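This report looks at one residue and then at the chain around it. Please look at the sequence and the structure before reading on.

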Amino acid sequence: MMIINKYLPVPRQTDSELWTAEKIEHVRRLSLTGKPQGIFERNGNRVIDKVEFKLKKNPEMTDNPTSSLSFSFSGIDMSMPLYLGDMSYGALSGNPNITIARVADMTGTLAGTGEGGLHPEVAKHKRIFVQWASARFGVDAKTLTAGLGIVIKIGQGAKPGIGGHLPGKKVTKPISLTRRIPEGMDAISPAPHHDIYSIEDLGQRIAALKEMTGKPVFVKVAATNYIPYVVAGIARMNADGVIIDGHGAGTGATPQVIRDNVGIPIELAVASADNVLRQEGLRDKFTVIAAGRVTSSTDAAKLIALGADVVSVGTGALIAMGCVMVHKCHIGSCPTALTNKIDGTREMDIEFGVKTLINFIKGFGLELMNILDNLGIRNVRELRGRRDLLYGNGLSEETLAILGIDGRVEDSPVKQGELWTKRIQVYLHELMNKGEPVITSMGSTAPPDVEKPGRISDWLRSDGAQVTRPPIDPYREDIDTSFYLDHGKIYLSLPVIYDITNAPEKFRRAFSWASLALSSAIFTDETNPGFEDISFSYDGKGIASWSKKPFPERYYVIPSSLDVVEGLVSLDVPGFIVDEDEGKDDLELVVSRLDSTLKRNGVRYYYDIIAKSSKLRDSADVFKNLLLGADSTIVSYSLLERAIGQGSEGDLKERAFNIIAGMKKEISLLAGAAGVYSVQSSLTGNRELLRAINLNPKTREILRVKPAGGL
């Protein structure tokens with residue numbers, strides 16, 4: 001067996017990362033020395049990165065700061081406001097779980113156990129919060145009374161609206177015994193708790209667990225659209241506190257489409273939740289733990305100033321124990337033995353982990369104390385809610401208002417980065433090969449928080465249902481992704497049509513066959529014999545016809561231009577195909593404006609809106625255009641070319657089939673996470689399921705989408 005008892009070299013980072021080599025190096029220096037390494041960092045694309053503390057002089061840092069971090073909540077004494085994640089046994093490989101629990105005891109902090117049941121060695125330690133999640137893996141009365149408190153997990157930031165996911169390859173015998181499930185079987189938690197479908201149900205569960213254990217009960221939720229209302233409801237149901245897990249938080253395994261496109265950033269969620277709690281008179285004796293993308297003590301201080309009581313550090317703790325950020329936790333072959341499957345081939349040395357993690361916590365605490373000293377604050381409790389100490393540098397006026405801080409207003413340009421990033425191309429390649437939602441791990445690298453946005457949809461996030469509107473479980477329930485166009489004359493099994501007008505013949509054949517097999521459709525100039533029933537064709541021989549001039553019975557192809565919209569409300573056509581490749585304005589803007597205009601004139605029912613672009617990249621782009629008002633989308637066959645890249649073409653029919661099947665399943669995931677059972681009846685034009693992250697107000701107003709964190 002290989003024992004990992006030292007740091008491995010960090011691989012050269014060729015892609016955008018939240019956890020850059022510099023951030024990893026900072027954590028490692030803390031973990032090796034236990035001394036402060038730096039405060040008040042200024043870097044990154046996140047909203048929180050553009051928030052700074054108002055300092056009256058140049059900051060100073062010392063190894064002997066004088067402020068205090070100690071405080072108490074719910075009868076628990078804390079040496080500092082630090083919670084060590086919620087990482088399950090199974091997602092982690094055992095020894096890291098033991099290490100975290102032991103270190104929490106030794107440092108006077110707290111550790112979450114995650115939903116994987118309770119490792120026997122972890123159960124020996126007291127400063128743990130035991131999780132009660134939807135699958136109830138390994139949960140019984142003995143488990144629930146093992147620690148200082150209980151966490152009812154409703155949602156998490158990496159996968160709002162869906163349950164936990166542990167791939168079967170990692171379910172070895174020890175995990176099987178602890179979780180009480182068969183070896184080798186995927187452990188996919190239900191999306192909802194099947195005994196919690198309302199805030200009243202949640203209140204009953206909180207009361208029952210308090211009665212059973214006599215311990216404080218917290219509720220963990222993802223940061224989603226209605227987070228202020230959800231948190232206020234949790235407080236009214238007599239929970240002791242909430243763990244809010246922000247968008248893009250780390251995880252052992254999640255569908256990439258969910259991780260990158262659902263939920264809102266923790267800084268916006270904390271600010272809005274704290275504000276509502278204060279307005280409702282619910283803030284006293286209610287603890288807010290902020291989780292998700294806390295990369296430094298500076299992040300922690302900002303979140304506390306925005307209203308958090310405690311911050312949760314998960315990925316940072318793993319980096320302290322050796323993580324090198326390869327995003328392969330779900331594979332089971334972690335090079336640092338933190339998230340590998342337990343099979344006797346590799347193991348992290350507990351003593352090494354304990355030493356580095358204790359040093360990390362010590363150094364992290366000293367940095368936080370230095371921040372307090374520089375702010376003239378004596379105790380960390382005095383920092384909570386001190387928005388007056390913060391200043392936003394380059395945020396929209398709306399974002400500053402949600403955060404409740406002063407600042408310099410700056411409306412960022414919509415398009416800043418590359419459209420076809422390496423991340424997108426790798427995703428398409430895996431979708432093409434498997435025909436299943438692409439699974440990934442660790443935190444999101446998606447725009448606008450890490451990568452720079454390439455199109456408007458990159459600024460938009462979908463909702464994840466929880467508590468007040470339960471999700472629909474896409475793994476256990478059939479979600480209807482079908483669409484009927486032209487008043488029921490045309491049936492599509494998913495709202496995606498594939499453009500083959502300029503495709504080489506082999507790609508035309510592949511998508512024609514795959515679309516016929518999966519009840520999708522193709523957009524074509526000439527109808528091939530045998531494929532009439534799936535062809536949107538110019539020659540009029542398919543199930544639907546299109547033209548670049550308005551004719552009855554033909555879909556009218558219009559350029560994606562805002563100035564053409566008003567003249568369309570009385571045309572005698574079945575619908576409009578908004579073509580981004582032919583217009584001057586972004587597809588999202590024109591689709592939304594057209595949908596709104598037709599509704600305002602009372603004629604929306606009479607027309608279909610189909611969004612067409614060679615720049616639609618994935619199922620998330622499709623989903624967001626539906627929410628903005630499209631009835632369907634037309635994407636280019638070139639998705640398959642990009643997925644193949646420089647590799648072998650293989651069986652193009654099979655690969656086109658996988659692209660279509662995979663997109664259908666991912667749309668189901670996004671819909672189910674949002675609590676939607678029937679896509680067409682509940683999604684088209686449902687902007688309430690979208691939020692914009694620091695998007696410039698002019699663009700946001702055309703879209704008619706609310707800002708993230710707003711009520």
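In this predicted model, Ser 297 belongs to helix α9, which covers residues 297–306. Is Ser 297 buried or exposed? Its relative accessibility is 0%, so Ser 297 counts as buried, the cut-off for buried being under 20%.

Which residues does Ser 297 touch, leaving aside those up to four places away in sequence? They are Gly 38, Ile 39, Phe 364, Glu 367, Leu 368 and Ile 371.

The rest of the report concerns the protein chain as a whole. Its secondary structure amounts to 20 helices and 32 strands. The radius of gyration is 26 Å, close to the 27 Å that the globule rule gives for 711 residues, so the chain is as compact as a globular protein of that length. Along the principal axes, the C-alpha atoms fill a box of roughly 75 × 55 × 50 Å.

| Quantity | Value |
|---|---|
| Buried residues, of the 711 residues | 66% |
| Contacts joining residues at least 24 apart, among contacts between residues at least 6 apart in sequence | 69% |

Technical notes:
Residues are numbered from 1 along each chain as its sequence is written. This is a predicted model: local features need pLDDT of at least 70, side-chain atom pairs count only at pLDDT 80 or more; totals for chains, interfaces and linings use all residues. Side-chain values use heavy atoms; hydrogens and water are left out. Helices (H or I, at least four residues) and strands (E, at least two) are DSSP runs, numbered from the N terminus. The radius of gyration is taken over C-alpha atoms; the globule rule is 2.2 Å times the number of residues to the power 0.38. Buried means under 20% relative accessible area, exposed over 50%, partly exposed in between (1.4 Å probe, protein chains only). Contact means heavy atoms within 4.5 Å.
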